Amino acid sequence: MNVIHLKYPHQLKEVDTSTSYSLALGFFDGVHRGHQAVIKNAIDKSKELNAKSAVMTFDPHPSIVLGGRKEKVFYITPLQQKINILKEIGVDTVFVVQFTSDFAKLSPEDFINYFIRDLNVVHVTAGFDFTFGSFGKGNMETMESLSNGDYGVSVINKLTDDAEKISSTRIRKSLQIGEMEEVHKLLGRPFEVPGLVIHGDKRGRTIGFPTANIQSAEGSFIPAVGVYAVRILVQNRWHDGVCNVGYKPTFKNPEDKQLSIEVHILDFDKNIYGEEVVVGWYKRIRNEKKFDGIDSLKAQIEKDKQEAIRYFQNL
Ligand SMILES: Cc1cc2nc3c(=O)[nH]c(=O)nc-3n(C[C@H](O)[C@H](O)[C@H](O)COP(=O)(O)O)c2cc1C
Ligand SMILES: Nc1ncnc2c1ncn2[C@@H]1O[C@H](COP(=O)(O)OP(=O)(O)OP(=O)(O)O)[C@@H](O)[C@H]1O
């Protein structure tokens, strides 16, 4: 898959203008099921039209440049992870447009001239609520009416779950409260965080539950503090586990606000310090709490482990 970075006013040096594209348009944070429907349509059209399939996304998130959002925007899939997922889906080319204030000021007509016509796009796919151009003045009707027959347009209907639109905003809210089963359902795959196994305090093995301490990749969002059933990808194999996200109040001073992510991997006894891993999040089991001694903590972790085992047996 080809990744092409563009900045307005852009140079088309990198873009092979003899190639035509069927383009899916949007920010696509999370590449959730709604996004997948948009991208699938662009891929299907590319085959019909003998064109390359492409996704145009933006970086950073428009809200960072424009402001004006009530809720905090963090990335469900930071750019590199989004690119990896698009590659897996089978997209031929990803255009990453740098979202600057000059870009944001483009009129809908100019956006179409520079980013659709100049790139030799023969078909545009976006969702029913896609807007573009300064103040979001352009919508999918504008996209169609400004085409002059130069490109075709597909508008994807609203994909809902429980009668509510599947959206990046909705998924962010679920992540913040640790609703990982909901996130899984809306994304169409578990939420994943890549990271590195680092050294912890080495207390885990002394209480019978050794843990891999994970330093998450920069820019990753960590679900709410608590205990979760997770899977962890180690050396190309997924293993079931139980994960604690939190501050270990049983052992640590509450002032020491150092958030840790640690996974007790089931049936596993290898040394994996320094390994790059991916944590896949499935189900929130409980909140983290302060226990009055090691024995009660151990008993609770054993229960957490049994709950994770049951969960994965029924998945
Ligand atoms: C499944 C699981 C649940 C945990 N729950 C708690 C908890 O509720 N409260 C707490 O203080 N620590 C909790 N811990 C963290 C343990 O205190 C921690 O694993 C232990 O201190 C070893 O960590 P270290 O060697 O990295 O310091 C949990 C750990 C695991 C694996
Ligand atoms: N549930 C959905 N059904 C159909 N199309 C969708 C859906 N969600 C997003 N899209 C389309 O996918 C593209 C990318 O959308 P965008 O990145 O704005 O995602 P979003 O989930 O709507 O985000 P936000 O929560 O920030 O509004 C756009 O063309 C958008 O219209």
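**Chatting about ligand 1**

Trainee: How many residues surround ligand 1, and which are the closest?
Mentor: There are 23 residues around ligand 1, and the closest are Arg203, Thr250, Glu262, Arg286 and Lys289. Keep in mind that this is a predicted model.

Trainee: What classes of residue are in that shell?
Mentor: Sorted by class, you get nine charged, seven polar and seven nonpolar residues around ligand 1.

Trainee: Which elements give two or more residues to the shell?
Mentor: Those are strand E12 (237-246), strand E13 (260-265) and helix H9 (294-314). H9 gives the most, with three residues.

Trainee: Back to contacts. Which asparagine side chains come up?
Mentor: For asparagine 213, a side-chain N or O atom is 3.4 Å from an oxygen atom of ligand 1. For asparagine 244, a polar side-chain atom sits 3.5 Å from a nitrogen atom of ligand 1.

Trainee: What about the pocket that ligand 1 takes up?
Mentor: That space is the second largest pocket.

Trainee: New topic: what does UniProt place at residues 186-313?
Mentor: The unreviewed UniProt entry has the feature "domain: Riboflavin kinase" there. In the model, residues 186-313 are 17% helix and 38% strand, and the end C-alpha atoms of that span lie 22 Å apart.

Note on methods
Residues numbered from 1 in each chain as written. Chains lettered and ligands numbered in written order. Predicted model: local features only at pLDDT ≥ 70, side-chain atom pairs only at ≥ 80, totals over all residues. Heavy atoms only, no water. Near = heavy atom within 4 Å. Polar contact = N/O pair within 3.5 Å; in protein donor to acceptor, adjacent residues only side chain to side chain. 1 Å grid on protein atoms, 1.4 Å probe; cavity = no way out; pocket = protein on both sides within 12 Å on 5 of 7 lines; lining within 4 Å. Sits in = over half its atoms within 2 Å of the grid points. Helix = DSSP H or I, 4+ residues; strand = E, 2+ residues; numbered from the N terminus. Nonpolar A, V, L, I, M, F, W, Y, C, P; charged D, E, K, R; others polar. UniProt positions renumbered as here; feature names shortened; annotations may be inferred.
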